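Please keep the sequence and the model in view while reading.

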Amino acid sequence: MSVETLAPAESDTARPMDLLRFATAGSVDDGKSTLIGRLLYDTKSLFTDQLAAVEAVSAARGDEYTNLALLTDGLRAEREQGITIDVAYRYFATPRRKFIIADTPGHIQYTRNMVTGASTADLALILVDARKGLVEQSRRHAFLCSLLRVPHLVLCVNKMDLVDWSQEVYERIADEFTAFAAKLDVPDLTVVPVSALKGDNIVTRSENMPWYEGPSLLHHLERVHIASDRNLVDVRFPVQYVIRPQSTTVTDYRGYAGQVASGVLKPGDEIMVLPSGFTSRIAAVETADGPVDEAFPPMSVTVRLTDELDISRGDMICRPNNAPMAVQDIEAMVCWMDETRPLQVGGRYAIKHTTRSARAIVRGLHYRLDINSLHRDETVGELKLNEIGRVRLRTTVPLLADEYRRNRTTGGFVIIDEATNRTVGAGMIVEAG
Amino acid sequence: MTSPAAYQVSHLDALEAESIFVMREVVAEMERPVLLFSGGKDSIVMLRLAQKAFAPANIPFPVMHVDTGHNFPEVLDYRDQRVAELGLQLIVASVPEALNKGLVRESADGMRNRIQTPVLLEAVEKHRFDALFGGARRDEEKARAKERVFSFRDEFGQWDPKNQRPELWALYNGRHHPGESIRVFPLSNWTELDVWHYIARERIPLPSIYYAHEREVIERDGMLYAVNEFFRARAGEQPFKAQVRYRTVGDASCTAAVRSDADTVEKVIEEVAATRITERGATRGDDRVSEAAMEDRKREGYF
């Protein structure tokens, strides 16, 4: 496949482009910026004025090569300190797919940023330097991807040109990482030997590594099967907003607007509304463009029911025989994200879960997880910035929740400090009851 | 039984669903939202998404135009027509009025991009808006690449890029104290090409200046500026006629046109797909001030 075949994203009308969100983790040393720059450049998503600006700044700073990190390290603080301080989002497309990259910095605040980037990712891309092999950081990144239940993981063994394209080096790293991933919850792992600098196995298959029989990185990103990642079994429709037109032309209309979290909703389906437990049937699934036969994730629709029920924002439409838990005592893995104040047992916070808000008190901290060794430290009394632990919470109202491993939308929540209004933590429900 | 492959949506549908979710979230959680409507293509797409998000009800918030006084007449006409069609309340925050009242002073270079900010902030305070929808996209500019969908602004409207709230899953945190506000960017994940594909798909009419037309321009710093009452040729600059279109629509004194024969939406899509220069790079004099021009404006409360 040549570069030329990639550019005109709209020429391929036979099959609509879909969307893949992926997170990248790694540091400048691993060649991550070079890799992303290469993907953008080879898919013609990097513009000449952007490149010229980066080249000029690189030259002025005396960099030996064009520092592609400067493409999005546009904030003053980043340029001054030569670091990346936040998740940057970048976009490119091929005729098959549109890609959204959440590019997370490797060192600074890596846990907070990586968790943020991974929370919406279909796939995570981890880079290692072939000369160094797996380092502590690679294991941390893999662990965070598994904690956030990113369905697909890709390990890029980079700088293969610097190890003479050695199959042996590649296989040693691939084996070691595969063994480590087996201890985690990684549903799908692909390992690709690449040279981001030289472009080997990025867009086209490398001629320098004939022993590698897998796809190029872009080929994999374009074709990795993500449709089955969606949960189409458990009907979960968090009611976001009730549409009731105050109009003389549209009367007696009452629709429940929201985005389908999981499952498939069809007119005629019997449904149950939580927390009330009332049942009804779906009269219609509507969009502004007209009614649809079925709704599934990630569609934003408006559901109308055959009965008039008292339903408001924060309620959940599900099926009578397949409902989420309605729980006030929650066990969750929590990643703490606030630098000013740690999570403490007894602390009170606000919670946002699906479209529902609650207040919560921290009832217990079972352990803090050392994400390098996976060791559980049960002696700690608080979680500081970038620390992860297992927490027990009691909420003021029931959350309508599933385990995070079964449902990323109804299993995740954020913790908000009520005094500062800052988002201070991310939680993934382990079990409830 | 339908195969799982059937349960797939196109990238445009996925983007649309996300934007609609964001807009509903704002209306459900915030007290007084407003949509910033300039008559530019991004705010036009945003308005279409707002229609879709609340149908069959009307759009449940007003729109606001921060009017620099340097307008393209086609764009003002479009604005007024669109607002009338949708029965929306239009609030105009006027830079010329603020200049008359002495609230702001004209900058030395005559560009009004920077002095829009205090005018915007004054209108926000006067109307007590707590959520402002903006059409900014992350692909536009590197400071915007790090912007949140829900972007917190303090009581001075300032953005603090080092102190942003983590944004996970689709859980947006719009909490704020009185006087503070949230800028909301429903098009965060759209690219220029996505916007044009959507305009084509939805058959959304645009102000005519987005399509190729003949116009009298001068060339300055490698960019083509229309000669009009806000933009005068300097000595030595020779106006000439050229076939151009506008890739972005902003203040008429600092928005440049590009040479183009694209007079239909299909041709514009072809042109945008093939272009090798970013839209702001090709058309905005105001971003050329420095590497961090956008970040600096945003810190002061710009969109």
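## A strand pair in chain A

Strand 2 of chain A and strand 3 (residues 97–103) of chain A run antiparallel and are joined by six bridges. Two strands count as paired if DSSP finds at least two bridges between them. Helices (H or I, at least four residues) and strands (E, at least two) are DSSP runs, numbered from the N terminus. The model is predicted: local features need pLDDT of at least 70 and side-chain atom pairs count only at pLDDT 80 or more, whereas totals for chains, interfaces and linings use all residues. Residues are numbered from 1 along each chain as its sequence is written, and chains are lettered from A and ligands numbered from 1 in the order in which they are written.

A hairpin of three residues connects strand 2 of chain A to strand 3 of chain A. Across this pair, Ala93(A) stands opposite Lys98(A), and Ala88(A) has Asp103(A) as its bridge partner. Strand 3 of chain A also pairs with strand 1 of chain A, in the parallel sense and over seven bridges. Ala23(A) stands opposite Ala102(A) in strand 3 of chain A.

## Burial of the two strands

A residue is called buried if 20 or more other C-beta atoms lie within 10 Å of its own, exposed if 12 or fewer, and partly exposed in between, with C-beta atoms placed from the backbone. By this criterion, six of the six residues of strand 2 (residues 88–93) of chain A are buried. In a regular strand the side chains alternate between the two faces of the sheet. In strand 2 of chain A, Ala88(A), Arg90(A) and Phe92(A) point one way, Tyr89(A), Tyr91(A) and Ala93(A) point the other way, and all are buried. Strand 3 of chain A is largely enclosed by the rest of the structure, because six of its seven residues are buried.

## Helix 1 of chain A

Helix 1 (residues 32–42) of chain A is mostly covered, with 10 of its 11 residues buried. Among them are Lys32(A), Arg38(A) and Asp42(A), together with Leu35(A), Ile36(A), Leu39(A) and Leu40(A). The buried residues of this helix pack against strand 1 (18–25), strand 2, strand 3, strand 4 (123–129), strand 5 (152–158) and helix 7 (217–223) of chain A. After the helix comes Lys44(A), with a positive phi near 55°.

## Chain B as a whole

Chain B has nine helices and 10 strands. Its radius of gyration is 19 Å, close to the 19 Å that the globule rule gives for 303 residues, so chain B is as compact as a globular protein of that length. The radius is taken over C-alpha atoms, and the globule rule is 2.2 Å times the number of residues to the power 0.38. The C-alpha trace of chain B spans about 65 × 50 × 40 Å along its principal axes, and buried residues make up 52% of the 303 residues.

Two residues are in contact if their C-beta atoms, placed from the backbone, lie within 7 Å. Among contacts in chain B between residues at least 6 apart in sequence, 75% join residues at least 24 apart.

Helix 2 of chain B has 14 residues, which at 1.5 Å a residue should span 20 Å; its end C-alpha atoms are 21 Å apart, which agrees. The expected span is 1.5 Å times one less than the number of residues. Of the 14 residues in helix 2 of chain B, 11 are buried. They pack against strand 8 (241–243) of chain A as well as helix 1, strand 1 (33–36), helix 3 (73–86), strand 4 (131–133) and helix 6 of chain B.

Helix 6 of chain B is largely enclosed by the rest of the structure, because eight of its 11 residues are buried. The buried residues include Trp196(B), His197(B) and Tyr198(B). Their cover includes helix 1, helix 2, helix 7 and helix 8 (279–283) of chain B. Just after helix 6 of chain B, Arg203(B) takes a positive phi of about 50°.

## Where the chains meet

The contact between the chains takes 54 residues from chain B and 61 residues from chain A. On the side of chain B that touches chain A, helix 1 (11–29), helix 2 (41–54), helix 6 (192–202) and helix 7 (265–274) of chain B each supply at least two residues. Helix 1 of chain B gives the most, with 10 residues.
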